[in-house]
Amino acid sequence: MTRSTGPARLHHALRAPSATRGNALPAGAWWLWALGLATAASRTSNPLLLGLLVGVAGYVVAARRTDAPWARSYGAFIRLGLFVVAVRLVFSVLLGSPVPGTHTLFALPEVPLPGWAQGVRIGGRVTAEQLVFALYDGAKLATLLICIGAANSLANPARLLKSLPGALYEVGVAVVVAMTFAPNMVADVARLRTARRLRGRPTGGIGAVLQIGLPVLEGALERSVAVAASMDARGYGRTAQVPPAVRRTTHVLTLGGLLGVCAGTYGLLAAQGAVYGLPLLLAGLVAALAGLRLGGRRSVRTRYRPDRWGVRAWLVAGSGAVVAAAMVWAGAADPDALRPGVVPLAAPVLPLWPAVAVLSGLLPAVVAPLPVSPSDSKESA
């Protein structure tokens, strides 16, 4: 009896709990995981690794997606990725490609261009090599979009704005107000059009738009005044006194840190900048975080129920970082495996240990809390 309770207790301890308001993962953890996958996708054009990244992101989304409205955006990002691949192939066919090729598929009529457009052509010979190169290039961008779509489907946007640093709370308030008013205005337009249709009045045309627009603008103005009054009553916009030296230091650290983050990100995405990209990115992040920390001193507000980063949140964020770090390391150690050539044409090969590193991105499907559907919550109640 004792032998059977040991594995049962271990399984109960490792099993992911049901998601509640208290143990739900912070939105930043999902975004760090997705950005890690996107960084890995930017370092390779191997279609097998890109497909593996898409499969990992899709499986985690299917396993941990909730029934919230924003969780339905993943399918739209997949369709957007397929559209990007199609557009890249069409551009390659119509505008040509610098990739040389010997396997001619067909030829289009070539449009003569003036001398100042040297190096650009429209139409001409289309080869299998240039189409494969365009397919690899489009698949990379599509995978980036799909990884970002996974973060949009898993992270609660309201909790993401709530976790902004104190120095950026005005931005968070503005975004929350915009996200609140946009659906209300759409609902007002639909309500007014329905009312006009029931009264037998036209709902299309310039005249109908002008007659509908005025009540919508009046309703939006009334809501803006009400929200401004409620925000003023709750103390929004009030700041603490900060010495001028601290403000100047905050500006220098924040601006310098953001420039370092941009330069480091460009270095990571570029093929030749992997050496300086990561140190510059880390230095920029440290400087930006220090600037935001100092800038938060002028905020006198408190945060209700702040998100807590537990072990599961760090595991989710760390799995994305592991995937990104392994792909960057693999790109420096064996670049040919991550960027298969198209001249001559050859089938891509799946590198073993980068593929295993990508599979570590499946960890959120195991450790993240299980979403609870509304029917399950009613039954438990």
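This is a short chat about a predicted model of a protein chain.

Student: Hi! What kind of model is this, and how are residues numbered?
Tutor: It is a predicted model, where local features need pLDDT of at least 70 and side-chain atom pairs count only at pLDDT 80 or more, while totals for chains, interfaces and linings use all residues. Residues are numbered from 1 along each chain as its sequence is written, and side-chain values use heavy atoms, with hydrogens and water left out.

Student: What's the average pLDDT?
Tutor: The protein chain averages 78, and 76% of the residues score at least 70. pLDDT is the predictor's confidence in each residue, from 0 to 100.

Student: Where is confidence lowest, and where is it highest?
Tutor: Helix α15 (residues 374-380) is lowest, at a mean of 42, and helix α3 (residues 47-64) is highest, at 93. Over residues 374-381 pLDDT stays under 50, and the model has two contacts there beyond four places in sequence. A contact means heavy atoms within 4.5 Å.

Student: OK, how many helices and strands are there?
Tutor: The protein chain has 15 helices and two strands. These are DSSP runs, numbered from the N terminus: helices are H or I with at least four residues, strands are E with at least two.

Student: And how much of the chain is buried?
Tutor: Buried residues make up 33% of the 381 residues. Buried means under 20% relative accessible area, exposed means over 50%, and partly exposed is in between (1.4 Å probe, protein chains only).

Student: Which residues touch the most others in the largest nonpolar core?
Tutor: Those are W30, W33, L37, L53 and V316, out of 35 residues in that core. A nonpolar core is a set of buried Ala, Val, Leu, Ile, Met, Phe, Trp, Tyr and Cys residues joined through side-chain atoms within 4.5 Å.

Student: Which element gives the most to this core?
Tutor: That is α2, with nine residues. As for L37, its contacts, leaving aside neighbours within four places in sequence, are L53, V56, A57, C147, G320 and V323.

Student: Let's switch to α13. Which of its residues are buried?
Tutor: In helix α13 (residues 352-359) they are P354, A355, A357 and V358. Seen down the axis of α13, they fall within an arc of 160°, so they line one face of the helix. That arc is taken from the directions from the helix axis to the C-beta atoms. The cover over these residues includes α3, α11 and α12.

Student: Is V61 buried or exposed?
Tutor: V61 is buried, with a relative accessible area of 1%. V61 is found in helix α3, and its C-alpha atom is separated by 8.2 Å from that of A365, 304 residues apart along the chain.

Student: What about charges: how many salt bridges are there?
Tutor: The count comes to one salt bridge, meaning a side-chain nitrogen of Lys or Arg within 4 Å of a carboxyl oxygen of Asp or Glu. The side chains of R88 and D137 form this salt bridge, at 3.2 Å, N to O. R88 lies in helix α4 and D137 in helix α5, so the pair ties together parts that are 49 residues apart in sequence.
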